[in-house]
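Here is a brief report on one model and its ligand site. Keep the structure in view while reading.

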Amino acid sequence: LAVKEVLTWDLFGTASRELAQTVADSGFEPEILIAVARGGLLPGGALAYALGLKLTDAINVEFYTDVHETLPDPVLLAPLLDTESIRGRRLLVVDDVADSGRTLALVLDLLREHGAEARSAVIYAKSRSEVEPDYVWRRTDEWIVFPWSAEEPVNRAVPRD
Ligand code: 5GP
């Protein structure tokens, strides 16, 4: 059985506050927070509140289909947010974990191509990540179990066939 790093809902609260404090202490004052959906949605929401940041958006990327099972490359599931509105803006990109770092690299490159000043914050970073996030709460090389994806989706009233 593989060793796992388990983030509980309770610890997620602590992690969010501590990560936000690290961002604030750095002096960086983001204007817009961009969550990398879906993994970054809950961390992004928590950080937006903790930083008192009201302007948020999300960008949808899919890469992992299962534990240790990925698509060949991370792919955007929907077109980017309004690209003109991010030109010259300070953005904080938030994700749950930088593992290979390829998702974060894709998003950061995209936002920077559109003229944004983008920094990144993650709850976890793994040592193999090709991107060194600007703000990291903890480092691990284990498979991480996040509270929002620890369980299967609830049953549907009418099952899909
Ligand atoms: P990356 O592109 O950095 O390899 O990872 C992309 C996404 O895969 C992460 O944002 C996360 O949603 C998912 N992922 C990567 N490593 C883990 C992990 O250890 N545990 C979980 N639950 N998801 C992971």
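## The ligand and its neighbours

The ligand is surrounded by 15 residues. The closest are Asp96, Asp99, Ser100, Thr103 and Lys126. This is a predicted model, and the distances below should be read with that in mind.

By class, the shell around the ligand holds seven nonpolar, three polar and five charged residues.

What does the side chain of aspartate 99 reach on the ligand? An N or O atom of that side chain is 2.7 Å from a nitrogen atom of the ligand. Lysine 126 also contributes through its side chain. One of its polar side-chain atoms lies 2.7 Å from an oxygen atom of the ligand. Glycine 101 uses its backbone: a polar backbone atom is 2.8 Å from a ligand oxygen.

How much of the ligand does the protein cover? On its own, the ligand has 510 Å² of accessible area, and the protein covers 89% of it.

## The pocket and its elements

The ligand takes up the space of the largest pocket. Which of them gives the most? Strand β5 does, with four residues.

Leucine 91 sits in strand β5. Leucine 91 is at 0% relative accessibility and therefore counts as buried. Arginine 112 is 21 residues from leucine 91 in sequence. In space, their C-alpha atoms are 9.7 Å apart.

The loop between β5 and α3 holds serine 100. Is serine 100 buried or exposed? Its relative accessibility is 13%, so serine 100 counts as buried; the cut-off for buried is under 20%. Serine 100 is also among the residues closest to the ligand. A polar atom of the serine 100 side chain lies 3.1 Å from the backbone nitrogen of arginine 102.

Isoleucine 59 belongs to strand β3. With 2% relative accessibility, isoleucine 59 counts as buried. Glutamate 18 is 41 residues away from isoleucine 59 along the chain. The C-alpha atoms of the two are separated by 24 Å.

Strand β8 contains valine 145. Leucine 76 and valine 145 are 69 residues apart along the chain, with 23 Å between their C-alpha atoms.

## The loop between β6 and β7

Serine 129 is placed in the loop between β6 (117–125) and β7 (135–139). At 15% relative accessibility, serine 129 counts as buried. What lies 2.6 Å from a polar atom of the serine 129 side chain? The backbone oxygen of valine 131 does.

Alanine 20 is part of helix α1 (residues 9–26). Its relative accessibility is 3%, so alanine 20 counts as buried. Alanine 50 is 30 residues from alanine 20 in sequence. Their C-alpha atoms are 6.1 Å apart in space. Alanine 50 falls in α2 (41–50).

Which peptide bond is cis? The bond from alanine 37 to arginine 38 is, with omega near 5 degrees. Arginine 38 lies in the loop between β2 (32–37) and α2.

Conventions:
Residues are numbered from 1 along each chain as its sequence is written. This is a predicted model: local features need pLDDT of at least 70, side-chain atom pairs count only at pLDDT 80 or more; totals for chains, interfaces and linings use all residues. Side-chain values use heavy atoms; hydrogens and water are left out. A residue is near a molecule or strand if one of its heavy atoms lies within 4 Å of it. A polar contact is a pair of N or O atoms within 3.5 Å; within protein, one must be able to donate a hydrogen and the other to accept it, and residues adjacent in sequence count only if both atoms are side-chain atoms. Accessible areas come from the Shrake-Rupley method with a 1.4 Å probe; for residues, only the protein chains shown count as cover. On a 1 Å grid over the protein atoms alone, a cavity is a set of points where a 1.4 Å probe fits but cannot get out, and a pocket is an open set with protein on both sides within 12 Å along at least five of seven lines; lining residues have an atom within 4 Å of a point. A molecule sits in a cavity or pocket if more than half of its atoms lie within 2 Å of its grid points. Helices (H or I, at least four residues) and strands (E, at least two) are DSSP runs, numbered from the N terminus. Ala, Val, Leu, Ile, Met, Phe, Trp, Tyr, Cys and Pro count as nonpolar, Asp, Glu, Lys and Arg as charged, and the others, Gly among them, as polar. Buried means under 20% relative accessible area, exposed over 50%, partly exposed in between (1.4 Å probe, protein chains only).
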